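Below are my notes as numbered points, to be read with the model open beside you.

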Amino acid sequence: AQLGRMAARRFKAALAPTGLTTAHIGVLLHLRDHGPTTQGALAAALDVDPGNLVAALNDLEGKELALRRRDPSDRRRHIVEISQSGAALLSEASRELAEAEEGLLGELDEAERSELQSLLSRVAERTLTLEEPAKTRSRRLRR
């Protein structure tokens with residue numbers, strides 16, 4: 001937990017010149033990598049509360065980094081996509097984050113970094129697997 005907080009501080013500091021937060025980065029990365037999507041699908045993919053997503057999207061839209069438009073097939077939904085300026089700023093932010101990551105992992109060689117990535121991915125997958133039944137139970141209990 002302590003290492004996570006230290007890493008979060010470094011990443012936050014690296015992003016400060018761009019005006020982006022880690023939440024913004026998550027949204028922009030998803031939109032860049034997966035293309036336009038609905039707000040609901042984006043919230044589910046990022047596993048964030050829809051209200052928190054709306055706040056991040058309001059920020060991004062206000063800075064013209066993301067665009068929201070009504071879904072022509074269902075006017076109740078919004079389609080979200082990254083703008084050209086959002087993609088450009090994301091590239092800049094990615095460079096800043098890579099430098100911060102290098103500061104954290106600089107003592108590890110490529111093999112060690114690869115192993116660390118593999119181990120953390122396994123832990124994340126296992127955690128998601130364990131959380132999914134709890135979410136399903138919680139949804140059933142609310143009904």
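**Notes on the pockets, sheet and helices**

1. Let me begin with the lining of the largest pocket: eight of its residues are nonpolar, three polar and two charged. Here Ala, Val, Leu, Ile, Met, Phe, Trp, Tyr, Cys and Pro count as nonpolar, Asp, Glu, Lys and Arg as charged, and the others, Gly among them, as polar. This is a predicted model, in which local features need pLDDT of at least 70 and side-chain atom pairs count only at pLDDT 80 or more, while totals for chains, interfaces and linings use all residues. Residues are numbered from 1 along each chain as its sequence is written, and side-chain values use heavy atoms, with hydrogens and water left out.

2. Staying with the largest pocket, its volume is about 450 Å³. The lining consists of 13 residues, and Glu101, Leu105, Leu116, Gln117 and Leu120 are those nearest the centre. Two or more lining residues come from each of α1 (2-15), α5 (84-105) and α6 (110-142), and α6 gives the most, with six. A pocket here is an open set of points on a 1 Å grid over the protein atoms alone, where a 1.4 Å probe fits, with protein on both sides within 12 Å along at least five of seven lines; lining residues have an atom within 4 Å of a point. Grid points are joined across faces, edges and corners, and a volume is the space filled by probe spheres set on the points.

3. The second largest pocket has a volume of about 170 Å³. Which residues line the second largest pocket? They are Phe11, Leu15, Thr22, Ile25, Leu29, Ser94 and Leu97. The elements giving two or more residues to this lining are α1, α2 and α5, with α2 giving the most, at three residues. By class, the lining has five nonpolar and two polar residues, and no charged ones.

4. Now for the overall layout. The chain has six helices and three strands, in the order α-α-β-α-α-β-β-α-α along the sequence. Helices (H or I, at least four residues) and strands (E, at least two) are DSSP runs, numbered from the N terminus. Along the principal axes, the C-alpha atoms fill a box of roughly 50 × 40 × 25 Å.

5. The three strands form an open sheet in the order β1-β3-β2, with antiparallel pairing. β1 (37-38) and β2 (66-71) are at the edges with a single partner strand each, so one side of each has no neighbour in the sheet. Two strands pair if DSSP finds at least two bridges between them.

6. On one side of the sheet, β1 pairs with β3 (residues 74-82) over two bridges. Thr37 stands opposite Val80, and Thr38 stands opposite Ile79.

7. Helix α4 (residues 50-62) deserves a look from several sides. It lies across β2 and β3, running at about 115 degrees to β2. Axes are lines fitted to C-alpha atoms, for helices over the stretch in contact, and angles run from 0 to 180 degrees between N-to-C directions.

8. Helix α2 (residues 22-34) packs on α4 at an angle of about 80 degrees, with the axes 10 Å apart. The two helices are therefore roughly perpendicular (65 to 115 degrees). His24, Val27 and Leu28 of α2 make the contact with Leu53, Ala56, Leu57, Asp59 and Leu60 of α4, contact meaning heavy atoms within 4.5 Å. These residues divide into six nonpolar, one polar and one charged.

9. How do α3 and α4 compare, and at what angle do they cross? The axes of helix α3 (residues 39-46) and α4 come within 10 Å and cross at roughly 110 degrees, which makes α3 roughly perpendicular to α4. Gln39, Leu42, Ala43 and Leu46 in α3 meet Pro50, Leu53, Val54 and Leu57 in α4. Seven residues of this contact are nonpolar and one is polar, with no charged residue.

Conventions: Angles under 35 degrees count as roughly parallel, over 145 as roughly antiparallel, 65 to 115 as roughly perpendicular and the rest as oblique.
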